[in-house]
Amino acid sequence: MLLEQLSNAFGPAGCEDEVRRMLAQALRNKVDDLQTDALGNLIAFKKGSGPEPRLKVMVDAHMDEVGLMITRIEKSGLLGFRAVGGIDTRLLLAKGVIIGEKRIPGVVVAPPIHLSKPEQRKQVVKIEQLAIDVGAASEEEAQGLVKMGDYAVFDTCFQALADDGLRPAKGKAFDDRVGCAVAAALADDEYTVDLYLSFSAQEEVGLRGARVAAFRIEPDVAFALEGTVCDDTPKKEDVSPTTEMGKGPAITFMDRSFFADKRLVRLLLDVAKAHSIPYQFKQPGVGGTDAGAIHLSKTGVPSVAVSVPCRYIHAPVSLLSLHDFDNLVDLMKATLHALPRTWKTV
């Protein structure tokens, strides 16, 4: 399963090589062209069968995940680090990681509770107080294993869980390997539009790759595929969740990075209803996606974001419903088939 392979892959922002190789291998015999640009974006082109001029459609999913970067090596052999992307420091304590090209295993450590003062136990440990222990007894030994600037990612393996009707699965990097797997699945069909599948780099540190890719592609319309926030676990207050797992793909009509094109939102809704595909709306104002960069490219690009709800994103382990994943694949394929017939009239 491509989603499993991508979830397990090593690919923090700026180091997406392994993910890019996996996607290129999966797509090589299904598309007409594969290119990698200077920033590390992988762009797959599938020529449409419709008459010219054909719509140029960009479907974007970012390859990178949140991670850590080694910034110092202590005399004790412990490794200091900084976050790459948005990570809650509270989630890091005692978590396993793998580091660098050698995939060195390590664990995030902090001063033990036995050596902490009572007031310190009530405080969130700052990232500067944490370190990674790789079992090295000295600075020299640690330098033989890792080097400054090496990346680390969570040591988590994909696993399908007991089926309770949602077909749940756990893994890391669902933001946004789930979008990458959906985008790759789109290459299985033939379309009348010219389809550009953009697997972008460095989204987690500022939507960087998608900006470059959109400038190169110059699409007529764009879809950003994401793994998005799902906070549907019980709450003390009666607050609507951002999305709910198992309720279908989540359509974004606005977030902190963009306002979705209303015509594309309406098209997604019409297609979902026509094909009996469940869907939901993502609560507005939460997070941002590559659509925020794409829609501002050159003279502007009508854009929309569609996501798979994922519990605990940007954490060592996330949870999703494979039903939501399959429904997003179905929704996007049907939408791409419908787009050229409706775009001029929507």
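Predicted model: local features only at pLDDT ≥ 70, side-chain atom pairs only at ≥ 80, totals over all residues.
Let me begin with helix 4 and helix 8, which pass each other in a right-handed crossing, a term for the near helix being turned clockwise from the far one by less than a right angle, anticlockwise being left-handed. Residues are numbered from 1 along each chain as its sequence is written, and side-chain values use heavy atoms, with hydrogens and water left out.

Helices here are DSSP runs of H or I with at least four residues, and strands are runs of E with at least two, both numbered from the N terminus. The axes of helix 4 (residues 174–186) and helix 8 (residues 322–342) come within 9 Å and cross at roughly 45°, which makes helix 4 oblique to helix 8. Axes are lines fitted to C-alpha atoms, for helices over the stretch in contact, with angles from 0 to 180 degrees between N-to-C directions; under 35 degrees counts as roughly parallel, over 145 as roughly antiparallel, 65 to 115 as roughly perpendicular, and the rest as oblique. The contact, meaning heavy atoms within 4.5 Å, involves residues including Val 178 and Leu 186 of helix 4 and Phe 325 and Lys 333 of helix 8. Its residues divide into ten nonpolar, no polar and one charged, where Ala, Val, Leu, Ile, Met, Phe, Trp, Tyr, Cys and Pro count as nonpolar, Asp, Glu, Lys and Arg as charged, and the others, Gly among them, as polar.

Helix 8 also packs with helix 6 (residues 262–274), at an angle of about 120° and with the axes 9 Å apart, and this crossing is right-handed. Among the residues making the contact are Leu 264 and Val 271 of helix 6, together with Leu 331 and Thr 342 of helix 8. By class, the contact of helix 6 with helix 8 has nine nonpolar, two polar and no charged residues.

What about the backbone? Most residues other than glycine have a negative phi, and most peptide bonds are trans. Glu 52 and Pro 53, however, are joined by a cis peptide bond with omega of about -5°, and Pro 53 lies in the loop between strand 2 (42–46) and strand 3 (56–62). The bond from Asp 175 to Asp 176 is cis as well, with omega near 15°, and Asp 176 belongs to helix 4. Finally, Ala 94, although not a glycine, has a positive phi of about 65°, and Ala 94 sits in the loop between strand 5 (79–84) and strand 6 (96–99).
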